[in-house]
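Good morning. Please have the sequence and the structure open while I talk.

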Amino acid sequence: MTQHKEKFDGLAKGYDRYRPRYPQVLFREICHWMPKDRSLSIVDIGAGTGIAIEGLASLLGQQHDYTAIDISQDMIDTGKQKLPWVNWLYCSAEQHLSTVRSPDLIMAAQSFQWMNRETVLNLARNSLADNGIMAILQNNRDYQHNEFLNEYENLLEELSPNYSRHYRDFDYVQELNTAFQYEDALHITLNTYWNMFIPGEAFIGMSRSSTQVQRALASHGELFIERLKVLVEKYQSEGKLTISYESQLFMAVK
């Protein structure tokens with residue numbers, strides 16, 4: 001757990017300030033499949049600072065039983081300040097899902113890539129309540145339709161050791177199908193595209209909150225930021241950049 005923990009410690013405040021939130025259409029889809037007549041048990045694995053819980057609770061309300069787990073105490077401390085009504089736990093997804101009983105929703109937002117995914121999905125399947133939901137959410141930079149983001153990916157691949165823009169190209173649909181193949185589960189996939197307009201300086205701040213950029217800074221010092229500032233100056237209009245995202249939801253309803 002220590003190796004992944006160190007990826008995120010020290011980044012929490014910038015992470016929470018700058019990271020894009022998830023489109024509400026994803027949370028509306030999750031809520032559509034959840035019971036409406038009782039209090040719910042919701043577990044966010046790899047919760048970070050609680051960005052996904054914020055989005056979900058804006059629709060469901062705070063009256064439910066929310067548990068957020070993470071392997072970074074820094075992320076948890078920031079999340080507690082923001083969402084004191086959430087039960088925060090310092091542990092791995094695998095540890096918690098081995099003991100949790102009958103949650104209605106297990107959610108992994110942007111964090112699933114770091115986990116032992118097969119183990120986590122099997123544990124989630126076994127622990128979910130009847131009609132419980134496993135939901136995976138992610139925001140992906142849409143570099144294929146945004147020239148600035150394509151150049152940004154080029155910069156990361158040049159200066160961040162071992163980075164590839166394809167690092168999150170996993171087949172989550174197939175992984176969910178395999179884990180839930182004997183459950184007669186309903187499988188749902190939802191993609192949505194959107195733009196965020198952000199001041200150039202804020203994008204640089206958001207970049208500093210990422211582990212990929214931290215590796216570039218560790219290897220090349222401020223060269224990465226100097227090169228990024230050139231890109232920002234080239235592409236920003238009236239002080240703002242257009243950042244394109246593809247947001248995805250992968251769900252299995254048990």
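This is a predicted model: local features need pLDDT of at least 70, side-chain atom pairs count only at pLDDT 80 or more; totals for chains, interfaces and linings use all residues.

The buried residues of helix α12 are Phe-224, Ile-225, Leu-228, Leu-231 and Val-232. They sit on the same side of α12, because the arc they cover around the axis is only 115°.

As for its length, α12 runs from residue 223 to 235, which is 13 residues. From first C-alpha to last, α12 reaches 19 Å, close to the 18 Å expected.

Two packed helices are described by the angle between their axes and the distance between the axes. For α11 and α12 the angle is about 120° and the axes are 7 Å apart. That makes α11 oblique to α12. Where they meet, α11 supplies Val-213, Ala-216, Leu-217 and His-220, and α12 supplies Leu-223, Phe-224 and Ile-225.

Another residue of α11 is Gln-212. Is Gln-212 buried or exposed? Its relative accessibility is 6%, so Gln-212 counts as buried; the cut-off for buried is under 20%. Setting aside neighbours within four places in sequence, Gln-212 is in contact with Leu-156, Ser-160, Tyr-163 and Tyr-167.

Leu-156 brings us to α8, where it is one of the buried residues. Seen down the axis of α8, the buried residues fall within an arc of 160°, so they line one face of the helix. They are covered by elements that include β5, α10, α11, α12 and β7. The span of α8 also agrees with expectation: its 13 residues should span 18 Å, and its end C-alpha atoms are 19 Å apart.

Within α8, look at Leu-149. Its relative accessibility is 0%, so it counts as buried. Neighbours within four places aside, Leu-149 is in contact with Arg-141, Asp-142, Tyr-143, Ile-243 and Ser-244. For a distance across the model, take Leu-149 and Gln-73: they are 76 residues apart in sequence and 31 Å apart in space, C-alpha to C-alpha.

Now the loops. Most residues other than glycine have a negative phi, and most peptide bonds are trans. Asn-131 has a positive phi, near 65°. Asn-131 lies in the loop between α7 and β5 and is exposed, with a relative accessible area of 54%. Glu-238 is not a glycine either, and its phi is positive at about 55°. You will find Glu-238 in the loop between α12 and β7. At 82% relative accessibility, Glu-238 counts as exposed.

Last, the record. An unreviewed UniProt entry lists residues 42-132 as "domain: Methyltransferase". In the model, that span is 40% helix and 21% strand, and its end C-alpha atoms lie 10 Å apart.

Note on methods
Residues are numbered from 1 along each chain as its sequence is written. Side-chain values use heavy atoms; hydrogens and water are left out. Helices (H or I, at least four residues) and strands (E, at least two) are DSSP runs, numbered from the N terminus. The expected span of a helix is 1.5 Å times one less than its number of residues. Buried means under 20% relative accessible area, exposed over 50%, partly exposed in between (1.4 Å probe, protein chains only). The arc is that of the directions from the helix axis to the C-beta atoms. UniProt positions are given in the numbering used here, feature names are shortened, and annotations may be inferred rather than shown by experiment. Axes are lines fitted to C-alpha atoms, for helices over the stretch in contact, and angles run from 0 to 180 degrees between N-to-C directions. Angles under 35 degrees count as roughly parallel, over 145 as roughly antiparallel, 65 to 115 as roughly perpendicular and the rest as oblique. Contact means heavy atoms within 4.5 Å.
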